[in-house]
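Good morning, and thank you for coming.

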Protein chains: 2
Amino acid sequence: MMNVPLNVPAMMERAAALYGKKEVVSRTLNGIQRFTYAEIAERTKKLASQLEALGVSKGDRVGTIAWNHHRHLESYFAIPGAGGVLHTINLRLSPEHLRYVINHAEDKFLLIDEDLLPLIEPIQEQLSTVEGYIMMSDSKEYNTTLHPVYDYEELINQGDADFSFFTDVSEEDPAGICYTSATTGNPKGVVYSHRGIVLHSYALGLADTAALSEQDRCMPVVPMFHANAWGIPFAATWFGTSQILPGPQFTPALLAELIEAENVTLTAGVPTIWMGLLQAWENGNYDTSSLRAVLCGGSAAPEAMIEAFEVKYNVPFLHAYGMTETSPLASVASLKSYQYELSKKEQLEIRASQGLPAPGVEMKVVNAQGDVAWGSGEMGELLIRGPWIADEYYQDDRSAEAFQDGWLHTGDVATLDEEGTIRLVDRTKDLVKSGGEWISSVDLENAIMAHEGVFEAAVIAVPHQEWQERPVACVVKKDGFETLTDKDILDSIRPQFAKWWLPDDVIFLEELPKTSVGKFLKRALREQFSDHLTKQA
Amino acid sequence: MMNVPLNVPAMMERAAALYGKKEVVSRTLNGIQRFTYAEIAERTKKLASQLEALGVSKGDRVGTIAWNHHRHLESYFAIPGAGGVLHTINLRLSPEHLRYVINHAEDKFLLIDEDLLPLIEPIQEQLSTVEGYIMMSDSKEYNTTLHPVYDYEELINQGDADFSFFTDVSEEDPAGICYTSATTGNPKGVVYSHRGIVLHSYALGLADTAALSEQDRCMPVVPMFHANAWGIPFAATWFGTSQILPGPQFTPALLAELIEAENVTLTAGVPTIWMGLLQAWENGNYDTSSLRAVLCGGSAAPEAMIEAFEVKYNVPFLHAYGMTETSPLASVASLKSYQYELSKKEQLEIRASQGLPAPGVEMKVVNAQGDVAWGSGEMGELLIRGPWIADEYYQDDRSAEAFQDGWLHTGDVATLDEEGTIRLVDRTKDLVKSGGEWISSVDLENAIMAHEGVFEAAVIAVPHQEWQERPVACVVKKDGFETLTDKDILDSIRPQFAKWWLPDDVIFLEELPKTSVGKFLKRALREQFSDHLTKQA
């Protein structure tokens, strides 16, 4: 077979050639703008030519600090297209961590949204490798202390539309890097190769996974600074899929409007986004009929939410699992053909699971006794391998812990049923260790969130004198359920659990702290309530 | 990213693990047999262990001379699973060519169906590398002069169900080889790598191509000895798709029965198969409602046939293009999303084209003036490149002609419209060169085959004193249209063509000669009628 390396810029070439008329809808600070792939590809080539002219050469990291919009999409291809490595920077990082990731990646340039200037201006003097800042803006009306500053649109105006993308790459060469938050310490860098990105794109297009298609109008709500918006900008461009990029500071109502106005067929994001969207739909009168699927990942979606999408709004809910280290798609909770004969309740349980590994990915569950047998009910750590799974953290001593014997050790605790379905039980560190037994905080959360009066819930392990740890539930009530009591909560879940699994207490809060990517920040809750049970006693 | 090589035996491991309950339906000489993937995988491991025990080691070629059935499927994985190279032998080759391909590939063993013994027994003494013959049979009641002979089922009985597939391969290593007929001379070998097969399988599963899925019940009618049955046995196994393998000497009526009885959702084959199936449907009372698509390739399907499937039987017709050298899927005639707004007639024209290259494949059309511009109407030779496109013929001097500058030169003449749609005009060698202009024999054939009284038609170039060559149509009438005249034919197509394109004569025949893979053997017709126009004059 021909030695044709899998290659990221070639994906944009395909969109330009075959789907030049298709559309990228981009929301910026000034509202909605529309571009064809022909225009996006030309702008991408112009930007790449200018990056090269500025001195970006093979392997140089170039950072982006940006929302989901057309310029960010162009950067996704222009940076590798100039030979560089796309470093998508999580704009929710602390200033200290922003400084760390930019310096650790040794970013040569930063592309930055004008409304995100306050993130970088204060730390500019501490960025040791950055040679210049490229302002992403619809106008030139920004003021900034950053220097030297280049204007994105001006670079494009001066760029070469006939630029040939850099091709002196092997498919194993890096095309991107993204840092993932660590429980403690600095974020850890995951490097994406051209090969990994292309193979992952195939996986997204498979009929049995997300079936991403040219026929779709896809809106990635998951940020482009988080695991490449799950690889959607790459795959959607390759397939000629119309993209709707929701831009800065979107609200649930805005998403609901975009879905209706732009006939979005597929959208992707974390559960907290979908909780918000459900509320917007309940409060407003939106047309949801264009949606063929809502892709959900990042953390486990509660069954009650999946049911709301599927039953109340007739929108198929596609639960997927992955992490920054897995590009991120590792598994999808599609039903096997014969599982459509199960009861709706059983189907829902499968749809709420982490599903089955995508073709190309291997997963297993391991505990101290070795590989966990399917259907045994045993818990263990979930291990993953495959050609789009990271094999190290970029220049980081913590690699040795997470990557062992050719497997990624996810830190997620899971079970495998007799069909091979993966079910996350918890994070290793979030399990409640009570009297030598394990209690899954996630199972308890799902059960509590099924209560009609609960908006969201997190169950945490709280130190306990007698039992070492005991579960405590932190609950946010829905509007209109102000009178909900801890007894109501516990009574509602009592039938589903062994008595010793029930939380020792229910704490009602106004909101739950979240991580930069919208997951519950259980560590903060654990710290806040670390003496909750000892105080009580 | 992890260095995990793409690997064929791993596809069977996935089917066994995740889809062990799914079904392989196999028709042999004794009728229908049913196996689960768990059983198929166990038998595959046992066979691989015995192949290894017989002496098959890394890179050894092992030939199969077999219909589409479960044992052939097992061989697809057991031969690479033992480190060998699967050589699927076209059982319609002449004895001389059979001898050539077996000796040229240096096959160490041959796996052979009992009803195909007469193909090999007469040439046994001329097979210089074959060390043994493995009989594929439901019983041991065969008699054969082949020696030494091993019984397939006996090997399986003695095999090791816990055998570990051979893994000391790089993904570029060969997993298969298939010979393709040449216009003149011996067949040419195409080597398939593990990488090529896996990437091609991804392509088959994409929503925008064939969307092959676990939800399908797929019946490859295209032979497993022809371009790996278009890669379906590999991809379908990987995805856990139920397979219906129609076995030896099937008839159109049998295919119609299998589609109905087995709820086939997707089937694949060449146009002559579908012509027969349409006739069976017209003559019988078959349920066709399970079919979600008929995948057609190998040679161009006439619009009239596509229309019959889509309009009369409501079965979507998916026209694809490829060849042995392209694994074979190169392009698919799916409609772009905005092309669904076109008239039905315009849509049909697109569906009857060769479509757009699959993601990963590049195609262009080149003539003496260079790359043909899209929408120019110019003809040129179709060139293809990509990671599952061959880069040479196996140990063959003819490689230099077909593979130049990193592109496969297909020998097909094509145009590109303004959407990039590829339309085959002809084979380079089948074009009619009339008075310095080119006439497409394929266009004329399609028009003639749209006549209700025409069963099939081939247009050939016949030497002509004044014009160098002129087109002549060879036509087979449908039953009930015995009175059809040459004038009827010419009148029916007259409005569609310039006067000088019209065939000089129409010759009615009882049947058209076909190649071993069911394509019209125009070379034979050209020879037979080489003095047809000079005689007339």
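Over all chains, the count comes to 65 salt bridges, a salt bridge being a side-chain nitrogen of Lys or Arg within 4 Å of a carboxyl oxygen of Asp or Glu. Please bear in mind that this is a predicted model, in which local features need pLDDT of at least 70 and side-chain atom pairs count only at pLDDT 80 or more, while totals for chains, interfaces and linings use all residues. Residues are numbered from 1 along each chain as its sequence is written, chains are lettered from A and ligands numbered from 1 in the order in which they are written, and side-chain values use heavy atoms, with hydrogens and water left out.

Let me start with Lys21(A), whose side chain meets that of Glu419(B) in a salt bridge, at 2.4 Å from N to O. Lys21(A) lies in the loop between H1 and strand E1 (23-28) of chain A, and Glu419(B) in the loop between strand E21 (407-416) and strand E22 (422-427) of chain B, so this pair joins two chains. The helices (H or I, at least four residues) and strands (E, at least two) that I name are DSSP runs, numbered from the N terminus. Are these two partners buried or exposed? Lys21(A) is exposed, with a relative accessible area of 53%, whereas Glu419(B) is buried, at 9%. Here buried means under 20% relative accessible area, exposed over 50%, and partly exposed in between, with a 1.4 Å probe and protein chains only.

There is also a salt bridge between Glu419(A) and Lys21(B), with the closest N and O atoms 2.4 Å apart. This pair crosses between chains too, from the loop between E21 and strand E22 (422-427) of chain A to the loop between helix H1 (9-18) and strand E1 (23-28) of chain B. Glu419(A) is buried, with a relative accessible area of 10%, and Lys21(B) counts as exposed at 53%.

Within chain A, Lys522(A) forms a salt bridge with Glu445(A), the closest N and O atoms being 2.6 Å apart. Lys522(A) lies in helix H17 (residues 522-528) and Glu445(A) in helix H15, so the pair ties together parts that are 77 residues apart in sequence. Lys522(A) counts as buried at 8% relative accessibility, and Glu445(A) is buried at 6%. Another group in this chain, Arg43(A), Arg71(A), Glu74(A), Asp138(A) and Glu153(A), is joined into one network by salt bridges that share partners.

Let us stay with helix H15 of chain A, residues 441-449. Of its 9 residues, 7 are buried, so the helix is largely enclosed by the rest of the structure. Among the buried residues are Val442(A), Leu444(A) and Ile448(A). At the start of H15(A), a side-chain oxygen of Ser440(A) reaches to within 3.3 Å of the backbone nitrogen of Val442(A).

Next, Asn367(A), which has its place in strand E17 (residues 362-367) of chain A. Asn367(A) is buried, with a relative accessible area of 18%. What does its side chain reach? The side chain of Asn367(A) reaches the backbone nitrogen of Gln369(A) at 2.9 Å and the backbone oxygen of Met379(A) at 3.0 Å.

I turn now to the interface. In chain A, 55 residues are in contact with 55 residues of chain B, contact meaning heavy atoms within 4.5 Å. The area buried between the two chains is about 4,500 Å², of which carbon and sulfur atoms give 59%; buried area is the accessible area (1.4 Å probe) that two parts lose on being put together, summed over both. In chain A, Met1(A), Met2(A) and Tyr202(A) lose the most area to chain B, together 21% of what that side buries. The rule finds 4 salt bridges across this interface. One further cross-chain pair is Glu171(B) with Arg195(A), whose side chains meet in a salt bridge at 2.7 Å, N to O.

Finally, how are the two chains related? A rotation of 180° with 0.0 Å of shift along its axis superposes chain A on chain B, with an RMSD of 0.1 Å, by least squares on the C-alpha atoms of residues with pLDDT of at least 70 in both. That is the relation of a two-fold axis. Moreover, 100% of the interface residues of chain A are also interface residues in chain B, so the copies meet through the same surface.

Conventions:
Polar contact = N/O pair within 3.5 Å; in protein donor to acceptor, adjacent residues only side chain to side chain.
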